[in-house]
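Dear colleague,

Please find below the structure that I am handing over to you. My findings follow directly after it.

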Amino acid sequence: MLRMTSLTVQEVLERDQFRNASVIAGHKGLNRTIKWVHVMEVTTVKQLLNGDELILSTGFVWKDNLDVFLSIVKQFIHSNAAGLCIEIGTYMDTIPKEIIQLANEHQFPVIIFNKEVRFVDITQDLHSLLIAHHYQLISDLEQFSQELNNLLLQPHSLHNILTHLSKKTGMQVIYQPKESSPHFVPEVSSDKKETFLHFLTLQPAGKGLVLQNVQAMDYLFAKLILVPAPHSSVSDYDMLLLDRSATAIAQFLLRELYIEEKKRAQETEWLYDWLDGKHSEERILSYLVDLDASLIPKGLQVCTCRFVKHQENYTSSQITYFMLLFRSLFEQEGFFVLSLTTRNKLVIILLNRRDEADVLARLREAFDRLMTSDILKNGTVPEIDRISIGKHVRLLKEMHKSYESSLEALTINDKLCNQQSKVVYHHDFHIYRMIFQLTKTKELPEFMFDYLSPVIQYDEKNNSSLLQTLKVYMCCNGSKKETAEQLFVVRQTLYHRLEKLEELLGKDFMSSPKRQAIEFSLYAYEYLQN
């Protein structure tokens, strides 16, 4: 059913079918909206109405029962019906004064036909008019959308769109960006600006105003606001104009971001030298100030992003849109984002703008939102295999250390065959960071076998699992009850295995620092086995 446009009760009264009609109650409600017309002869109507319907009735079901009549009119009022039209003469001769009083109290129009009328003629006429208005609305909206598209191709697109919306609706338009000053179209005095902004502060949800978010790529760019004149309302058509204007502005902003992202991608040579540690702290700060005068970084972290397919299999547009999504999410958490590609990976530099105390928590929040974004699932951007986050460094010239640690975390994660998370943090690998460094020398295997070789050789000879028992026992901090539960063995079996471990490793294998050396060796063995 088409319900996109509307008439008012006053407009309907001017139609030919209503030339013998009279308004007997609810005169103050003649500006009520009519979106559809219903013929109703039932006693329960609340489930049958959506609101704004003009009701036609002969009064047959309540002609001799005032209580039923009152109940039905109350239901019409509570259902926000537009008005009630009753044919007088066939079943009813008069309208009770109680009905007139109730209708006047709620400004609910009651209209009577003094001569017999054909309801089918009324519904056909009004529905035809509503449908004609609907198609005119579609045509007008299409024309408006075309006009917006033309404005997007011209200079000063944003201002022109706001001006066009204001002229089309006849209302004050406020464009409130998330991180800059609002724009008023038409321009208003400073006092009025302060009044509007103060009101928005008190009513952020826009009570009394009409708000539409300007949003793209899971990021809220701004709010677009219509301010109706006093004692006037906003029509469905105005809402549709507002929605299309917000969409056009989002397209404009997305295009600007895309151009900016492409420009950034072309200016990466300087970043390569920074990544190699070739720039001083002063030179880096000077470069960043040129990018953003307000940027005073409080340290940074480097992320290495590896995609499922080789990067050459993705178009530049896919990479660019990925960075648009990435940037929009991380800027919300207080990071300034730079990026470059190297060694078939995407390297992302996150410059921290806020307090360092919660930098890791903000990183985790942004990555959680990134990995649950619908955009990652629809093929618009490359599919992520793994993102590795390096350690936080305070000196900008030491960015290479964070980059190297992100590569280190990626290698450690691959070595451990950890598939549980697509996002890994160098900070979370703890002892494996030391093991990774020691693998570059010959000492690690020798150190490990000094402590574990008796157990390893025993397991190989007897096809047993003493090494696993040792690992679980260490993880349970020597708790025999917890160890037995995790190994799914009875206490007696565990005691026998522990006696064998004492025989192979010495009775002091749980005493510090020997225990620490054995635990380290267990982690090293796990790492080297993969």
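In this predicted model, D125 is part of helix α4, which covers residues 119–152. D125 counts as buried because its relative accessibility is 18%, and the cut-off for buried is under 20%. When neighbours within four places in sequence are left aside, the contacts of D125 are R15 and Q17.

Turning to the strands, there is an open sheet of four, arranged in the order β9-β8-β11-β10 with antiparallel pairing. Its edges are β9 (183–185) and β10 (210–216), each of which pairs on one side only. On average, and with direction ignored, neighbouring strands of this sheet are turned by 20 degrees against each other. Within the sheet, β8 (residues 172–177) and β11 (residues 219–227) run antiparallel and are joined by six bridges. I174 has I225 in β11 as its bridge partner.

As to the interior, nonpolar side chains tend to be buried together in soluble globular proteins. Here, the largest nonpolar core comprises 63 residues, and the residues with the most contacts inside it are V214, L224, F322, F326, F330 and F367. The most is given to this core by helix α7 (residues 236–265), which supplies ten residues. Not counting residues up to four places away in sequence, F330 touches F335, V337, L350, L363, A366 and F367. Another core, of 24 residues, lies apart from the largest one; V45, L49, F69 and I88 are among its members.

Yours sincerely

Conventions:
Residues numbered from 1 in each chain as written. Predicted model: local features only at pLDDT ≥ 70, side-chain atom pairs only at ≥ 80, totals over all residues. Heavy atoms only, no water. Helix = DSSP H or I, 4+ residues; strand = E, 2+ residues; numbered from the N terminus. Buried < 20%, exposed > 50% of the residue type's maximum accessible area, 1.4 Å probe, protein only. Contact = heavy atoms within 4.5 Å. Pairing = 2+ DSSP bridges. Axes fitted to C-alpha atoms, helices over the stretch in contact; angles between N-to-C directions. Core = buried A, V, L, I, M, F, W, Y, C linked by side-chain atoms within 4.5 Å.
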